[in-house]
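Trainee: I am new to this structure. Please show me how to read its features.

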Amino acid sequence: QDNPRDDGGAAFPLMPPQDTAAGIAVGYPYPEPGMTLRDYFAAHAMPPLIAAICAGQHTTPRIASTPQEGIAIEAYMLADAMLKARAQ
């Protein structure tokens, strides 16, 4: 079985609700942890990619079937590189 892709964990971890009387967390873990750090990095990589493509300074990867898919693929490639660099 392949190792799961490192997604960096939750980009904005939430504190679980506290039972103030007992001083313990309740209702944790949340069923939906939200955006991953990988998603966050990819989202921030997209605007400069789009601007560079619109300015004719960059092209999308050939493996993409549409320019939009190419932008998404490249944004996640950059996000994966950032997670790798972050782990060093």
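Mentor: Start with handedness. A crossing is left-handed if the near helix is turned anticlockwise from the far one by less than a right angle, and right-handed if clockwise. Helices (H or I, at least four residues) and strands (E, at least two) are DSSP runs, numbered from the N terminus. Here, α1 and α2 cross in the right-handed sense. This is a predicted model: local features need pLDDT of at least 70, side-chain atom pairs count only at pLDDT 80 or more, and totals for chains, interfaces and linings use all residues. Residues are numbered from 1 along each chain as its sequence is written, and side-chain values use heavy atoms, with hydrogens and water left out.

Trainee: At what angle do α1 and α2 pack?

Mentor: Two packed helices are described by the angle between their axes and the distance between the axes. Axes are lines fitted to C-alpha atoms, for helices over the stretch in contact, and angles run from 0 to 180 degrees between N-to-C directions. For α1 (residues 37–54) and α2 (residues 67–87), the angle is about 130° and the axes are 7 Å apart. The pair is therefore oblique. Angles under 35 degrees count as roughly parallel, over 145 as roughly antiparallel, 65 to 115 as roughly perpendicular and the rest as oblique.

Trainee: Which residues form the largest nonpolar core?

Mentor: In soluble globular proteins, nonpolar side chains tend to be buried together. A nonpolar core is a set of buried Ala, Val, Leu, Ile, Met, Phe, Trp, Tyr and Cys residues joined through side-chain atoms within 4.5 Å. Buried means under 20% relative accessible area, exposed over 50%, partly exposed in between (1.4 Å probe, protein chains only). The largest core has nine residues: Ala 11, Leu 37, Phe 41, Ala 42, Ala 45, Leu 49, Ala 75, Ala 79 and Leu 83. Helix α1 gives the most, with five residues.

Trainee: What does Leu 83 touch?

Mentor: Contact means heavy atoms within 4.5 Å. Not counting residues up to four places away in sequence, Leu 83 touches Asp 6, Asp 7, Gly 8, Leu 37, Arg 38 and Phe 41.

Trainee: Is Thr 36 buried or exposed?

Mentor: Thr 36 is buried, because its relative accessible area is 15%. Thr 36 sits in the loop between β2 (24–25) and α1. Beyond four places in sequence, its contacts are Asp 7, Gly 9, Ala 10 and Ala 11.

Trainee: Where does Gly 9 lie?

Mentor: Gly 9 is in the segment before β1 (18–19). Gly 9 counts as partly exposed, because its relative accessibility is 30%.
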